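Colleague: I am new to this structure and would like to learn how to read a few of its features. Could you take me through them slowly?

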Amino acid sequence: MSLSLLLAVPEVQADSQIYRCGNEYTNQSSRIRQGGCVPVAGQVTRVANARASAGRSAAANRPQQAAPRAQLARHTSARVSQPLQQQRDRDARVILQAELQKAQTRLGSLHQEYNYGQPERIGSETHNHQKYLQRVAELRNSIQRVESDIAGLRRELGRAGG
């Protein structure tokens, strides 16, 4: 099995000098002439670009559909009228404000439940202190997440002009 794999892998030509140009390895004279390239001493393993070859073969097998794509690109890049854009901006602000209100309500209920780090014990937590500590830590993490969400929503509202 390993012999068949060795036969399937194309060999790199030994006479082609490889250069390192920054983080790129190449033997293309056009890139080497741009400068900043250093010859690589020793053995270099060549790996074929699977994505590029797969993209070429898929494109060759696909029927030509350039006209519809061009029409789609032209249609999607059309500008939106100013009143329509202003309406979209208003709708976005309303949604952001609603999300901010929900997050603030959630933060208030979390603070109330957290009770300054001393939440009431519930259920089996009266006998299992570790379970209680885990719930306190989860509450603290939830408060931090919601505060972060609120900060993000306020930033977005600031960008949206609200």
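This is a predicted model: local features need pLDDT of at least 70, side-chain atom pairs count only at pLDDT 80 or more; totals for chains, interfaces and linings use all residues.

Colleague: Is C37, then, buried or exposed?

Modeller: C37 is buried as well, with a relative accessible area of 19%, and that value falls under the 20% cut-off.

Colleague: How many disulfides are found in the whole structure, and what should I understand by the term?

Modeller: In general, a disulfide is a covalent bond between the sulfur atoms of two cysteines. Here a search of the whole structure finds one disulfide, and it joins C21 to C37, with 1.9 Å from S to S. Because C21 lies in strand β1 (residues 19-21) and C37 in strand β3, the pair ties together parts that are 16 residues apart in sequence.

Colleague: Why is the disulfide of C21 and C37 called right-handed?

Modeller: The torsion about its S-S bond is about 110°, and the disulfide is therefore right-handed.

Colleague: Which residues does V38 touch, leaving aside those up to four places away in sequence?

Modeller: V38, which belongs to strand β3 (residues 37-39), touches I18, Y19 and R20 when those sequence neighbours are not counted. From C-alpha to C-alpha, V38 and C21 are 6.5 Å apart in space, although 17 residues separate them in sequence.

Colleague: What can be said about aromatic rings?

Modeller: The structure holds zero aromatic pairs. The ring of Y132, however, has the charged end of R121 sitting over it, 4.0 Å from the ring centre.

Terms used: Residues are numbered from 1 along each chain as its sequence is written. Side-chain values use heavy atoms; hydrogens and water are left out. Rings of Phe, Tyr and Trp (its six-membered ring) pair if their centres lie within 6.5 Å; planes under 30 degrees apart count as stacked, over 60 as edge-to-face and the rest as tilted. A charge sits over a ring if NZ of Lys or CZ of Arg is within 6 Å of the ring centre and within 35 degrees of the ring normal. Helices (H or I, at least four residues) and strands (E, at least two) are DSSP runs, numbered from the N terminus. Contact means heavy atoms within 4.5 Å. A disulfide is a pair of cysteine sulfur atoms within 2.5 Å. Buried means under 20% relative accessible area, exposed over 50%, partly exposed in between (1.4 Å probe, protein chains only).
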